[in-house]
Amino acid sequence: MKYMVLIANSEEGWTGLSETEQRELYGRISSWWDEQAKAGRIVGGHQLQGPETATTIRRDMAGTATVTDGPFLEAKEVVGGYALIDVADLDEAIALVSQWPAPDILEIRPIIDRM
Amino acid sequence: MAPDRPTRTVVDAQLAETVREERGRLVASLVRILGDWDLAEELVQEALVTALETWPRDGMPRNPGAWLLTAARRRAIDRLRRDARYRDRLALIGEELRTVAGPSVESADPLAQDDRLRLIFTCCHPALAREAQVALTLRTVLGLETPAVARAFLVPEATIAQRIVRAKRKIRDAGIPYRVPEAPELPARLGQVLSVLYLVFNEGYLASSGESPERRELASDAAWLASLLARLMPDEPEAIGLLALMRLHLARADARFAIDGSLVLLPDQDRGAWDHEAIAAATELLARSLRMGRPGPYQLQAAIVACHAAAPSYGATDWIEIVALYDRLLSLTPTPVVALNRALAVAELEGPEAGLAALAPLADRLDAYHLYHAARGVLLRRLGRVEEARAAERRALPLTANPAERRLLEERLNVGS
């Protein structure tokens, strides 16, 4: 099954880490990511720029699009990236995502495959 | 007719037990084979309806499990033939249906796993909300009807129905697997299952006698589920420990309420009204789990209850042992409620002042818990600090909705002036 993993940075998680510690953590994330990608468990994904770069478009049934500054959810936790994973079932997804090397919050959502 | 009644009751009880055993087993197998929870339950329900029509007339079959299995299997194949979704897989499914292991059926494969274990672990999957785990387990594993679940939890029927529908949908759509987790995940997942069963038990056990009978039956239903789990996982000491814990509580249940429905606390209980045979059996069960050398929170809680149950009187309780057991329990599960119970044992061992001192650090975390204030009330009264005791009891009163507990607090407030 394919799942989208939304990766959110919690406020408490990364603050308090020195720049060196943060760089080290990024290093751990990227080597873990490469390993999973090589094994075929991560099939896509990116890190995103910060919420201050977000633009939200709300489009109604009449076709009007309203453009606003900022993310669509004003929350403490901000989506910072995503991964597309391909595993057997939710237990495997949970096991994989539980290895995420950084103090973040991760949401697993099954993907609707229309292929 | 009167002379018929006892036999009827025996047959009814036997029938009820057979239905409880076989229904769950069949549902579990059909869920695995068909991958469709609703269809599985429907087929088994239909087979049961036929059985309940046929058996009283023709007598109970020698092997009721095999009878039901055959009936459900026939219906399943019949239904699947008419359903386009299954046409391609019909041959395969038909073959699997033939190999479903009935317990009482001489199974060709002695290792055939009882599918109920998969069913239980899936119902209690951590990706489901706690209320959904509870409702789904009671509905699917135990076979409780939705209205009964609703009455037991004092929740509207529609709410329970919706929880069950949503949970089944999430299992399907999110890809929650139908299996018993493997070694690395097993301890945590088993913990989830045990806590669901214990929650159900407590919900029933704490209910007062005046309330709907479903609530009290819930405790024995939970004990039945725990015995099922212990049978299916004979090498898991915590599963056995939970069963021993529930049975130790149930063995003393009759002494917990006075005839007028009011709550009788441990010091005042008539120990002659306890079921000492059941206590001995449960204590032996606990000893068996402890011999496995992997103690855990349920075994320790059972050991505490067993220690109370072994005491000839409240005064003669081995408080040194009880405090030692609470210390071990607290090191495994450092929750404020465990600390509260430990403080009460400390009060018995070292006096009410020591108990109050042990309660003090819990003030913030247990401020909204009625038993914290009630416990302070008891200890303050023992020290003759009646005004402070009354203040604590007045704090406790609005924090519980249980009528028996409320009555007890009100009585204390009335006599304490």
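How many residues of chain A are in contact with how many residues of chain B? In this predicted model, 7 residues of chain A are in contact with 10 residues of chain B, contact meaning heavy atoms within 4.5 Å. Local features need pLDDT of at least 70 and side-chain atom pairs count only at pLDDT 80 or more, while totals for chains, interfaces and linings use all residues. Residues are numbered from 1 along each chain as its sequence is written, and side-chain values use heavy atoms, with hydrogens and water left out.

The area buried between the two chains, that is, the accessible area (1.4 Å probe) lost on putting them together, summed over both, is about 640 Å², and carbon and sulfur atoms give 55% of it. On the side of chain A, Asp89(A), Leu90(A) and Asp91(A) lose the most area to chain B, together 69% of what that side buries.

Between chain A and chain B the count is 3 salt bridges, each a side-chain nitrogen of Lys or Arg within 4 Å of a carboxyl oxygen of Asp or Glu. One of them joins Asp91(A) to Arg179(B), with the closest N and O atoms 3.6 Å apart. Helix H3 (residues 90-97) of chain A gives the largest share of the side of chain A that touches chain B, 3 residues, helices being DSSP runs of H or I with at least four residues and strands runs of E with at least two.

| Strands of chain A | Sense | Bridges |
|---|---|---|
| S1 (residues 2-9) and S5 (residues 78-86) | antiparallel | 8 bridges |
| S1 and S6 (residues 104-110) | antiparallel | 7 bridges |

Lys2(A) stands opposite Asp86(A) in S5(A), and Asn9(A) has Asp104(A) as its bridge partner in S6(A).

Note on methods: Chains are lettered from A and ligands numbered from 1 in the order in which they are written. Two strands pair if DSSP finds at least two bridges between them.
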